[in-house]
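Subject: Structure for you to look through

Hello,

Here is the structure I said I would pass on. Please open it first and then read the notes below.

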Amino acid sequence: MTTFIAVVGGAWSLVDILSSWHFVNKEKLPFWFLICLFLSGLLVVIFTRRPVKKIKYKYPGQDLTIEVCIDDLFTVNGQKVISTNTTFDTDIASGIISEKSLQGQFTNKYYPGDVPKLDKEIGDGLAGYSFTEIQKEAGKTKRYDFGTTVKLRLADQFFYWFAMSDLNYNNNAKTTLKNVHLALEGLWEFIETKGEKQDIVIPLIGSGLGRLSIGRKKLIAIIAQSFLNASEENIFSNKLIIVIHPGDVDKANLNLFEVKDLLNHYLP
């Protein structure tokens, strides 16, 4: 509405100016002119506010870009982040890990029918990390700190599994905003010291099975701010791509124009 009023009001102001100079007589303008003026305002609104699948925020003064896009994470170029639980459970067959979760999709896509191989690679990556023993009705019992990260290489692709949620005794996943901050800090530190200098592709973590109650737009801003904070002293990647699954857009009523406005307001 603001854009429409600005366009129509600006055009009418021009008519006023031309009328004051006696180039036109606004009192005798035909009705079709008013219709064209109205339609022009609508066309500008449609063109400038049409649905988009990608927005970018450029951090002033540094070579850092935040991109938010609607896509399938696995098709986006860059080193990809997968959030997992603090025990690094991987068992889909028994229902500990949902097939619908991003972790479940990753396992079925890259380790179909070979979860033991995935477990071995995760175990190798966890060597040297401290842990505590916990009790659960099923699954793994070694619990690692939030932010513990394992790097997996599949051909020329790199994936980072990082601990962001806890599984309770019944293997229900839960996290908090504080845990998300801790997990992101650990993730950025790992990528800075042991990662690749590539674009980082991260999903909208915590919005699904993590059971966070915070709105998705605010969560996007939190992830972006965490990345910028970690990049203050050392830039370990020039671009962070936050991926929203297409199925979450309508569910959460997400509008990327609003997301961009929020980033411009929330970030420096």
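**A strand with two faces**

Strand S1 (residues 54-59) has Ile 55, Tyr 57 and Tyr 59 on a covered face, while Lys 54, Lys 56 and Lys 58 are on the uncovered one. In a regular strand, side chains alternate between the two faces of the sheet. Strands here are DSSP runs of type E with at least two residues, helices are runs of H or I with at least four, and both are numbered from the N terminus.

Before going further: this is a predicted model, in which local features need pLDDT of at least 70 and side-chain atom pairs count only at pLDDT 80 or more, whereas totals for chains, interfaces and linings use all residues. Residues are numbered from 1 along each chain as its sequence is written, and side-chain values use heavy atoms, with hydrogens and water left out.

**The hairpin**

S1 runs antiparallel to strand S2 (residues 64-70), and 6 bridges join the two. Two strands pair if DSSP finds at least two bridges between them. Lys 54 has Cys 69 in S2 as its bridge partner. The hairpin has 4 residues between the strands, and Gly 61 takes a positive phi near 90° in it.

**Salt bridges**

The whole structure holds 8 salt bridges (a side-chain nitrogen of Lys or Arg within 4 Å of a carboxyl oxygen of Asp or Glu). Lys 56 and Glu 67 form a salt bridge, with their closest N and O atoms 4.0 Å apart. Lys 56 is in strand S1 and Glu 67 in strand S2, so this pair ties together parts that are 11 residues apart in sequence.

Glu 67 also forms a salt bridge with Lys 239, where the closest N and O atoms are 2.9 Å apart. Because Lys 239 lies in strand S10 (residues 239-244) and Glu 67 in strand S2, the pair ties together parts 172 residues apart in sequence.

Glu 67 is buried, with a relative accessible area of 4%, and Lys 239 is buried at 19%. Lys 56 is partly exposed at 45%.

Another salt bridge is formed by Glu 196 and Lys 151, with the closest N and O atoms 2.5 Å apart. This pair links distant parts of the chain, 45 residues apart: Glu 196 is in the loop between H5 and strand S9 (200-203), and Lys 151 is in strand S6 (residues 149-154). Glu 196 is partly exposed, with a relative accessible area of 24%, and Lys 151 is partly exposed at 28%.

**A loop residue**

Asn 171 is in the loop between strand S7 (157-167) and strand S8 (173-174). Asn 171 counts as buried, at 9% relative accessibility. Asn 171 and Ile 96 are 75 residues apart in sequence, and their C-alpha atoms are 6.1 Å apart in space.

Regards

Conventions
Buried < 20%, exposed > 50% of the residue type's maximum accessible area, 1.4 Å probe, protein only.
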